[in-house]
Amino acid sequence: MNIRNEILETDAFYHIYNRGINSEKIFDTEENYLFFLLKFKIYLNPVCDVFAYCLMPNHFHFLIKVKSEIEINTFAKVLNFDKKDITKQEKGLHSFDSIVSKQMGKFVSSYSQAYNKVTNRHGALLESPFKRKRVENEEYLRNLIIYIHLNPIGIKKNFESYIFSSYKAILSKVKTNLKREETIAVFGDIDNFIYLHNYPPKFDFKF
């Protein structure tokens with residue numbers, strides 16, 4: 001299936017990721033990272049829950065779970081999608097079913113335009129279309145969370161103290177939009193969460 005037409009199904013987990021054009025940087029300052037997360041909250045928190053994320057200088061990773069059909073329908077009504085007979089809308093990128101992908105597009109466009117304006121650059125900032133991979137089982141889900149959180153090691157950063165990752169937020173008691181308890185439950189308990197991040201299993205599949 002053409003990835004542009006692939007529907008992000010309700011109640012399903014997905015690894016959402018992307019990188020800058022030609023692997024160029026997409027974040028230059030702390031403000032860039034924070035603005036990116038703010039835009040994610042505005043456009044995507046209404047349609048998905050976040051279990052893990054990591055923002056790197058030239059790419060990002062999110063582990064999301066698309067919300068239920070009822071929640072997506074409610075959000076769609078807020079956006080006035082119900083003004084038409086949705087059964088008659090065309091399929092593919094412009095269909096009612098693709099609302100999550102459309103929100104992702106708005107999110108990326110909003111950040112890219114703001115970044116380009118601040119840095120006086122032109123053209124696409126991120127590769128298109130955005131990458132997505134459905135998570136099919138709990139082992140993959142658990143290993144994906146670890147993989148996402150260990151990304152800072154690639155730029156010689158301590159993953160435990162890296163501030164643009166969900167790792168610290170999951171361990172803290174500070175209020176968060178992350179699905180903290182649900183993420184920990186994937187590992188059984190907090191001790192196993194910490195242990196498997198420090199002694200990760202050997203990944204025998206690609207993320």
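1. From the N terminus on, the elements of the protein chain follow the order β-α-β-β-α-α-β-α-α-α-α. This amounts to seven helices and four strands. Helices (H or I, at least four residues) and strands (E, at least two) are DSSP runs, numbered from the N terminus.

2. The model is a predicted one, in which local features need pLDDT of at least 70 and side-chain atom pairs count only at pLDDT 80 or more, while totals for chains, interfaces and linings use all residues. Residues are numbered from 1 along each chain as its sequence is written, and side-chain values use heavy atoms, with hydrogens and water left out.

3. Of the 207 residues of the protein chain, 43% count as buried. Buried means under 20% relative accessible area, exposed means over 50%, and partly exposed lies in between (1.4 Å probe, protein chains only). Among the contacts in the protein chain with a separation of 6 or more, 71% are accounted for by residues 24 or more positions apart; a contact means heavy atoms within 4.5 Å.

4. Two packed helices are described by the angle between their axes and the distance between the axes. Helix α1 (residues 30-43) and helix α3 (residues 99-119) have axes that come within 9 Å and cross at roughly 150 degrees. Axes are lines fitted to C-alpha atoms, for helices over the stretch in contact, and angles run from 0 to 180 degrees between N-to-C directions. α1 and α3 are therefore roughly antiparallel to each other. Angles under 35 degrees count as roughly parallel, over 145 as roughly antiparallel, 65 to 115 as roughly perpendicular and the rest as oblique.

5. The crossing of α1 past α3 is right-handed. A crossing is right-handed if the near helix is turned clockwise from the far one by less than a right angle, and left-handed if anticlockwise. On the α1 side the residues are N32, F35, F36, K39, F40 and Y43, and they meet Q103, K106, F107, S110, Y111, A114 and Y115 in α3. By class, this contact of α1 with α3 has eight nonpolar, three polar and two charged residues. Ala, Val, Leu, Ile, Met, Phe, Trp, Tyr, Cys and Pro count as nonpolar, Asp, Glu, Lys and Arg as charged, and the others, Gly among them, as polar.

6. How many aromatic pairs does the structure hold? It holds 20 aromatic pairs. Rings of Phe, Tyr and Trp (its six-membered ring) pair if their centres lie within 6.5 Å; planes under 30 degrees apart count as stacked, over 60 as edge-to-face and the rest as tilted. One of the pairs, F36 with F60, is tilted, at 5.2 Å centre to centre and 55 degrees between the planes. This pair links distant parts of the chain, since F36 is in helix α1 and F60 in strand β3 (residues 59-66), 24 residues apart. Both F36 and F60 are buried.

7. F187 and F193 form an edge-to-face pair, because their ring centres are 5.0 Å apart and their planes lie at 85 degrees. F187 is buried, with a relative accessible area of 5%, and F193 counts as buried at 0% relative accessibility.

8. The axes of α4 and helix α7 (residues 190-198) come within 10 Å and cross at roughly 60 degrees, and α4 and α7 are therefore oblique to each other. R142, I145, I146 and H149 of α4 make the contact with F193, L196 and H197 of α7.

9. E139 has its place in helix α4 (residues 138-149). At 46% relative accessibility, E139 counts as partly exposed.
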